[in-house]
4 protein chains.
Amino acid sequence: MLRRVNIAVIGTGRMGSVHTRNLVRSIPEAKVVAVCDIRLEVAQAVADELGIQSVVKDYHDLLSDKNIEAILIATTTNTHAFIMQDVALAGKHIFCEKPLALDLATIDDALAVVERAGVKLQVGFNRRFDKSFRRVHDLVASGDIGQPCILRITSRDPEPPPMDYVRASGGIYLDMTIHDFDMARFQLGEIEEVYATGNVLVAPEIGKAGDVDTTVVTLKFANGAIGVIDNSRRAVYGYDQRLEVFCSNGVAMADNETQDTVVKAGKDGYHTAPLPHFFMNRYAPCYIDEVREFIACVRDDKPTPTNGKDGRMAVVLGYAALKACRENRPVKLSEIG
Amino acid sequence: MLRRVNIAVIGTGRMGSVHTRNLVRSIPEAKVVAVCDIRLEVAQAVADELGIQSVVKDYHDLLSDKNIEAILIATTTNTHAFIMQDVALAGKHIFCEKPLALDLATIDDALAVVERAGVKLQVGFNRRFDKSFRRVHDLVASGDIGQPCILRITSRDPEPPPMDYVRASGGIYLDMTIHDFDMARFQLGEIEEVYATGNVLVAPEIGKAGDVDTTVVTLKFANGAIGVIDNSRRAVYGYDQRLEVFCSNGVAMADNETQDTVVKAGKDGYHTAPLPHFFMNRYAPCYIDEVREFIACVRDDKPTPTNGKDGRMAVVLGYAALKACRENRPVKLSEIG
Amino acid sequence: MLRRVNIAVIGTGRMGSVHTRNLVRSIPEAKVVAVCDIRLEVAQAVADELGIQSVVKDYHDLLSDKNIEAILIATTTNTHAFIMQDVALAGKHIFCEKPLALDLATIDDALAVVERAGVKLQVGFNRRFDKSFRRVHDLVASGDIGQPCILRITSRDPEPPPMDYVRASGGIYLDMTIHDFDMARFQLGEIEEVYATGNVLVAPEIGKAGDVDTTVVTLKFANGAIGVIDNSRRAVYGYDQRLEVFCSNGVAMADNETQDTVVKAGKDGYHTAPLPHFFMNRYAPCYIDEVREFIACVRDDKPTPTNGKDGRMAVVLGYAALKACRENRPVKLSEIG
Amino acid sequence: MLRRVNIAVIGTGRMGSVHTRNLVRSIPEAKVVAVCDIRLEVAQAVADELGIQSVVKDYHDLLSDKNIEAILIATTTNTHAFIMQDVALAGKHIFCEKPLALDLATIDDALAVVERAGVKLQVGFNRRFDKSFRRVHDLVASGDIGQPCILRITSRDPEPPPMDYVRASGGIYLDMTIHDFDMARFQLGEIEEVYATGNVLVAPEIGKAGDVDTTVVTLKFANGAIGVIDNSRRAVYGYDQRLEVFCSNGVAMADNETQDTVVKAGKDGYHTAPLPHFFMNRYAPCYIDEVREFIACVRDDKPTPTNGKDGRMAVVLGYAALKACRENRPVKLSEIG
């Protein structure tokens, strides 16, 4: 019979509760043996809803439990690194939400501990598990459409996040473009240089906070291909997520998923619904699939699909883009570290 | 706190196990207290997978359990009617898979018992819960695009079912078109007359069994609109399910859902994936939504969205189409009973 | 050097002036040597615009002109047959607008004269020259997608014609569906039986004139395939012209041509323009291509792509559908003559 | 009656013969009174085909003809500037193919002469007349979708031109991107800074000639918007021409025009035709419309829609991009001149 992986979840807020629900309802290969949140009542509510036995307030209480093989970390960003280190030292495998941290020194320290501990680490780059982006990847990787030449990512949020969030986020490149950097690396491999230009065009309050709300980023890949990412904090027609990889012998494109397939036509033409507005709906199946894959990696002792290096490189690219935008010049990744 | 409806499932084969899984994983408003199958080991496996306590072989064992408020019947068609009657007499609400039965006398007897017992009955016309078909319905019902004039349904299976199934199914009109008849009634209301023509074009063995594999059915609605359904047992490009309602002031159309949004282009043009082949994938969310709605109707004492009359009318339409095809003439529903 | 075919045009109203303009501007293989209209000033205006030398009021004046090899007839329907006969007796090849006439006896007499005279006759079924419908035809004819099973034609006008026109037109089946009957024969060959049902749903004045404005017609083809045509006199979103041929090994579909490729998206979703409203715009290239092909047939002595039989069969089908609708029963073509 | 503008065409090669044919067949407001080509037999063939009376070898022979109001220049690029000056001095209005010249000094000299002469000048940026790009422009200009934020142009040729052509063309930025620069200015107005990165990925021989075959160009507009153009010399699926203008309150997109509307589906999915391969087909209506507009400007004494400044700015942008690519840094237009 199927061996189930015993897992605990630290942090049961928005993202952590989604992961816990997915684990309980959709991933029979795992068993959630405990949930933890510094707001105990939040963890308790999730446990009640899902029939989970053990609820703790302090994550250290989980570390000595021999029964627990893996831990999913979905706490606030500034706690990821030190929790990750403690969990690694306790010899448990780790699934950690992105970003690993907002500064590279912290990331490097944590990754060193993880490596020495020899535990598995998967970083939550959920978009890699989108069925369409994945099929584009597979088409390109197959070589059937030749060598990659141009990668285009359009990634626009339906509306700006609250300003508290913006201020703590590290800015557009570390908060929003970071997903696209990882997608770019997933599709075409390593990037060597970044140019970015940005402006404040849709959300003046973001400008006041010293950030931009609109940006176009150019990437030079190690394989010679050129990439371009465009981001906006406000696409009124919904959460716009498109990808195109143009190759020497063809092209592969992933368009937006739609709310439904309905077309209505009248005197004034044809109409279809706006795009779904909420990223959790758009990528709902990815959240399940990324964790299912993590569980499989733990159970079958396989390398995780996104590892510490992936987590680190996305942050490096974020800093390179930020520097490029501020200094208005192309920045090599080697300048960042 | 949320009151949960205690439900049992009779018949845990293909369809019944899907319903049970959905109830346990996705419908927290319900609690599956027992599963039943004449193949006890089949019921046991489902119970083990989902942590259900009680497993019985004989459905009569469920009837005296005061704890059970509702029963979902997903047995073979020829047992629906008598189980439904027993369940009704036991005072429990019923969700029953379609068709209710293959002859009208049996259906009428069963519905009379259900009515006298005063229990709720929902018939499993899952497609009414498809988000796109539902939005077409709402657009048309809103009157925004005027009065309905022409309804078009294309409904083609990816491949013929096994011949054993075909022989027991009552033929294409009672097995396949029956869904489209219900969809037609859902969209535009009552139908008064049917014309059908069919042929054997893709599956000679179906012809040998006295059935057709391809058909076009014309419908006259009470409101004056005209409908047309086309069916085939074999669409090699996948499970083709489209709907169009043309009205005096516009049109609403629901196209097929696709496997993903990827377009690949090369020297020979643009390519997208075939349609999903399996009806359970195509309509997966509908199976959840129809049962969730049933549970809500039980809990909140509301009328069910599809009732005994709906179940009966779909069969009446099936017989009318069969007669129309055999006699090559339009048949009024009043001729059927 | 290229030999040019000398042609004259009889009838320079709406359709005839389009043909004349096309001949002069886009078909260098032809030379328009004369135009004729009983309203001489109408013919004169066309001649002035296009630099045509000879203008006559009475078409008999053209018949003795040895210089003229071919004549295009674009007069009113009730004059087609007798002009055609006179032109045939004069030994000139004929391009005649559809329908040849509104009664079969007249058609048969005229075709007999044409046949005895040994001149070529092409009937103006322009839609056969649409690039998309033609490619569907070629895909189906190639056998690559198997045997035809179901043909679907949607053909809806943007708005009803003037009532004077409706009254003289012979009704929806002889005026509007006639194009679809020819398209059906072009795609899948001969038809043996027709069923039709119609209603008055968008234009009450058409009902008062004894006609219907909405119809669904079912066709049985000699090859076993089943066809269905749906027509409406009023599609507010434009001139809706779609075709689908479903085969045992695939499907070929031609969707509407759009005004442009622009998509606009905003808070309320995605929008595209309504369809072009005027049939002459939709089929503009077909009018050129059908006449160019006629000229090539004359010059190279080839059989015309649409002949007298095609013209006759479309009318037979129109009468069969009319009878089917009135008597509410399937009608065999052999009942019509 | 309509006054016709007398025009002569200098250069009747590929582009010039298309213009002449369009003038004769589709622009009745103009009369082609003479054609000129240094290869007299080439001009004579065009004149014979179209019934043009006067044919000359030396364009100076046209200049003293008082009858000629306007001249269309479609010679090789290196002759545009001096012919333009002679024509301007002769007091005739000018339609000149792009680019005006490959160096700015020559352009400036010629434009100064044109301005002093007070004749009209239209530069052949045909894509501005594409119905879809024009509608995007109108949607954006209307303000209905807010302020422009991001402009995206994808412009990829089906295959590299002959190497002789490449070597004389001034490179990808002056030959290919030049159209996109003009489109960008047409859509969003003046550009202040350009960054470009390019590579040799599909045509090694282009690399040997010192040029790139793939490029991504970033634009900073005076209004704060950001633009991005991607070009490739080889898109095997056809001539790929797309435009998107993302605004603060919506987005407008123009997709590729397709060869036809046919979709074929089979076991392996859905297929549509590759894009048209030849730019003259893709933009055929634009060639007519731009010249028709020029004729209207001459006749009604209106400013031309694309003038000398437009012609100059596209070349300035080409040099800025070339410099940006070579020096791998953003280049301000003020650096070019």
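1. **A proline in a loop.** B:Pro99 sits in the loop that runs between strand S5 (93–96) and helix H5 (104–117) of chain B. This is a predicted model. The peptide bond that joins B:Lys98 to B:Pro99 is cis. Its omega is about -10°.2. D:Pro99 is found in the loop between strand S5 (93–96) and helix H5 (104–117) of chain D. The bond from D:Lys98 to D:Pro99 is cis, with omega near -10°. Why point these bonds out? Most peptide bonds are trans.

2. **A positive phi in chain B.** B:Asp301 is not a glycine, yet its phi is positive, at about 50°. Look for B:Asp301 in the loop between helix H12 (284–300) and helix H13 (308–327) of chain B. Is B:Asp301 buried or exposed? B:Asp301 counts as exposed, because its relative accessibility is 60% and the exposed class begins over 50%.

3. **A positive phi in chain D.** D:Asp301 has a positive phi of about 50° and is not a glycine either. D:Asp301 lies in the loop between helix H12 (284–300) and helix H13 (308–327) of chain D. With 60% relative accessibility, D:Asp301 counts as exposed.

4. Chain A has an open sheet of 6 strands. Read across the sheet, the order is S3-S2-S1-S4-S5-S6, and the pairing is parallel. Which strands form the edges? They are strand S3 (54–56) and strand S6 (121–123) of chain A, and each pairs on one side only. From one strand to the next, the twist averages 20°.

5. **One strand pair in chain A.** Take strand S1 (residues 5–10) and strand S2 (residues 30–36) of chain A. They pair in the parallel sense over 6 bridges.

6. Helix H4 (residues 77–89) of chain A lies across S1, strand S4 (70–73), strand S5 (93–96) and S6. Helix H4 of chain A runs at about 165° to S5(A). Helix H12 (residues 284–300) of chain A also packs on the sheet. This helix H12 touches S1, S2, S4, S5 and S6 of chain A. The direction of H12 makes about 165° with that of S5(A).

7. **The sheet of chain C.** In chain C, an open sheet of 6 strands has the order S3-S2-S1-S4-S5-S6, with parallel pairing. Strand S3 (54–56) and strand S6 (121–123) of chain C are the edge strands. The average twist is 20° from one strand to the next. Strand S1 (residues 5–10) and strand S2 (residues 30–36) of chain C are parallel partners, joined over 6 bridges. C:Ile7 has C:Val32 as its bridge partner in S2(C).

8. **A helix on the sheet of chain C.** Helix H12 (residues 284–300) of chain C lies across S1, S2, strand S4 (70–73), strand S5 (93–96) and S6 of chain C. What angle does H12 of chain C make with S5(C)? The helix runs at about 165° to that strand.

9. A disulfide is a covalent bond between the sulfur atoms of two cysteines. The sulfur of B:Cys36 has its closest cysteine sulfur in B:Cys96, 14 Å away, so the two are too far apart for a bond. B:Cys36 is buried, with 2% relative accessible area. For D:Cys96, the closest cysteine sulfur is in D:Cys36, and at 14 Å it is too far for a bond. D:Cys96 counts as buried, because its relative accessibility is 0%.

10. **Where chains C and D meet.** The contact takes 28 residues from chain C and 28 residues from chain D. Together, the two chains bury about 2200 Å² between them. Carbon and sulfur atoms carry 51% of that area. Which three residues of chain C supply more than any other three? They are C:Arg25, C:Thr261 and C:Val262, with 25% of the area that chain C buries against chain D.

11. **Charges across the interface.** There are 2 salt bridges between chain C and chain D. One of them links C:Arg135 with D:Asp260. Their closest N and O atoms are 2.6 Å apart.

Terms used: Residues numbered from 1 in each chain as written. Chains lettered and ligands numbered in written order. Predicted model: local features only at pLDDT ≥ 70, side-chain atom pairs only at ≥ 80, totals over all residues. Heavy atoms only, no water. Disulfide = S-S within 2.5 Å. Buried < 20%, exposed > 50% of the residue type's maximum accessible area, 1.4 Å probe, protein only. Pairing = 2+ DSSP bridges. Helix = DSSP H or I, 4+ residues; strand = E, 2+ residues; numbered from the N terminus. Axes fitted to C-alpha atoms, helices over the stretch in contact; angles between N-to-C directions. Contact = heavy atoms within 4.5 Å. Buried area = accessible area lost by both parts, 1.4 Å probe. Salt bridge = Lys/Arg side-chain N within 4 Å of Asp/Glu carboxyl O.
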